[in-house]
Amino acid sequence: MDMNQNNIEEIVRQVLSSMSGTPAPANAPVASAPAAGGSIPKTAHVAMLTALQHYDVKEFPIPEVGDDDILVRVEGTGICGTDQHEFKKDPFGLIPVALGHEGTGEIVKIGKNVKVDSAGKPVKVGDKIVTCMMFKDDPDITMFDLNKKNVGAADVYGLIPDDETHLNGWFSDYIFIKGSRGSTFFNVSDMDLKSRIIIEPAAVLVHAVERAKTTGILRFNSRVVVQGVGPIGLLCVAVLRTMGIDNITTVDGNDSRLEFSKKMGATKTVNFMNYKGIDNLANAVAETFDGHLADFAFQCTGSPVAHSNIYHFIRNGGGLCELGFFINNGDATINPHFDLCSKEINLVGSWVYTLRDYVTTFSFLKRAKAIGLPVTDLITDAFPLDKINEAHEFALAQKGFKIAVTNVPLDGNTNNH
Ligand SMILES: NC(=O)c1ccc[n+]([C@@H]2O[C@H](COP(=O)([O-])OP(=O)(O)OC[C@H]3O[C@@H](n4cnc5c(N)ncnc54)[C@H](O)[C@@H]3O)[C@@H](O)[C@H]2O)c1
């Protein structure tokens, strides 16, 4: 078979299509009219991070939607730890940049060549979509290269600057998806708005658990520690609970987060602030498992000290998934003999997700909802676009769990500011 780019894309489309259970239609409908209920403005509002700890909401022209492009009216976007890191320190040197990658919205205009999403599901005006950071070229590849800023700049929505349109971050009211650049996007119209906002961070945990499973240690009756229960650790608990693991201890210093982790499926909690010294802390963790150490642990903080600590919670021959260091937060000290070698720890790292994990995440969120896990309650607070600086300060102060920037109010328990 001639493996040219078109063939590869077709194969990927078929694989993803079979995973999402939606057959790719031979002649899917084409739509090109604006959505009912509002005309398309000439300009869009985009929150650009223009300096450390400062966004400006700027206005840019909305380009003509070409045959392969999509224009989306943004509904809402979660603030990710990465957005926070960028806001505080700009570690990737991206300023000025349009951020926001945990976004979702409604298609208001679509090019005539765009008939299906990246999984082969039909798309039309009015459908609700999310983008994915992964490219089409290989569904199993994790992550793009952040250093390749000039390669497919606009492919990675909300992280890599796009000097052409500036409409490529979800902290905005319109986002422009340039189809010719290999962007991946999914039609998730069958999910509620808050679930759609949670898709991207949840995919991180679907991937981490897939990585953990490669050790062969995770089983139904495994004793599992999740260290750090910010949004990432809380979603980790929910993914584990959804796959049937129900002996989970969470470790954090924040009581309200620990309490919420029980609603997500944790059985016991340990507040590390109550224990002096690693031996006392390890004993407290073991007590939650009737005196046993954990079979497996997930490290979900960006703290080097937490990385050093976690080996003490794991039994000989157990496993560890380290996923807390999306960025470089410094070195951690371990004793290679005591912590790793003589204990025969099975260590895996996990970074972002693959395209396949993204599709699996849609099923995870539906399953979590079906078994009553309050995953969407993670979004405690929503701020309008013009309060985006306030939203980031609020998130940095750990005042809520997951903070969103939205153009429509969120329902349920979310506090709309
Ligand atoms: N692997 C990936 O692809 C990926 C993707 C997204 C985020 N992350 C990383 O995951 C980490 C967690 O993300 P988040 O949004 O939940 O962050 P967060 O800051 O909201 O939560 C971290 C939690 O860890 C707790 N914590 C800090 N030190 C601790 C310690 N010594 N022991 C126990 N708990 C401790 C904090 O109290 C907090 O509740 C971040 O560092 C982020 O960069 C990784």
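Two strands count as paired if DSSP finds at least two bridges between them. By that rule, β1 and β4 pair over two bridges, in the antiparallel sense. Keep in mind that this is a predicted model.

**The open sheet**

- Three strands make up an open sheet, and their order is β2-β1-β4.
- The pairing in this sheet is antiparallel.
- β2 (54-61) and β4 (97-98) are the edge strands. Each of them pairs on one side only.
- Opposite Leu49 stands Val97, a residue of β4.
- In a regular strand, side chains alternate between the two faces of the sheet.

**Helix α2**

- Helix α2 spans residues 81-89. Its residues Asp83, Glu86 and Phe87 are buried.
- These three lie on the same side of α2 because they cover an arc of only 100 degrees around the axis.
- An α-helix has 3.6 residues a turn, so residues three or four places apart point the same way.
- Lys88 and Lys89 sit on the other side of α2, and both are exposed.
- The cover over the buried residues of α2 includes β1 (43-51). Another part of that cover is α10 (388-396).

- Strand β10 covers residues 248-252, and strand β11 covers residues 268-271. The two run parallel, joined by four bridges.
- From β10 the chain passes through helix α5 (residues 255-263) and on to β11. This β-α-β crossover is right-handed.
- Val251 has Val270 in β11 as its bridge partner.

**Around the ligand**

- The shell around the ligand holds 28 residues. Those that come nearest are Gly228, Gly230, Ile232, Gly302 and Phe326.
- At least two shell residues come from each of α4 (231-242), β10 and α7 (304-310).
- α4 gives the largest share, with three residues.
- By type, the shell divides into 14 nonpolar, 12 polar and two charged residues.

Note on methods. Residues numbered from 1 in each chain as written. Predicted model: local features only at pLDDT ≥ 70, side-chain atom pairs only at ≥ 80, totals over all residues. Buried ≥ 20, exposed ≤ 12 C-beta atoms within 10 Å, placed from the backbone. Arc of directions from axis to C-beta. Contact = placed C-beta atoms within 7 Å. Right-handed = clockwise from strand over helix to strand, strands pointing away. Near = placed C-beta within 6 Å. Nonpolar A, V, L, I, M, F, W, Y, C, P; charged D, E, K, R; others polar.
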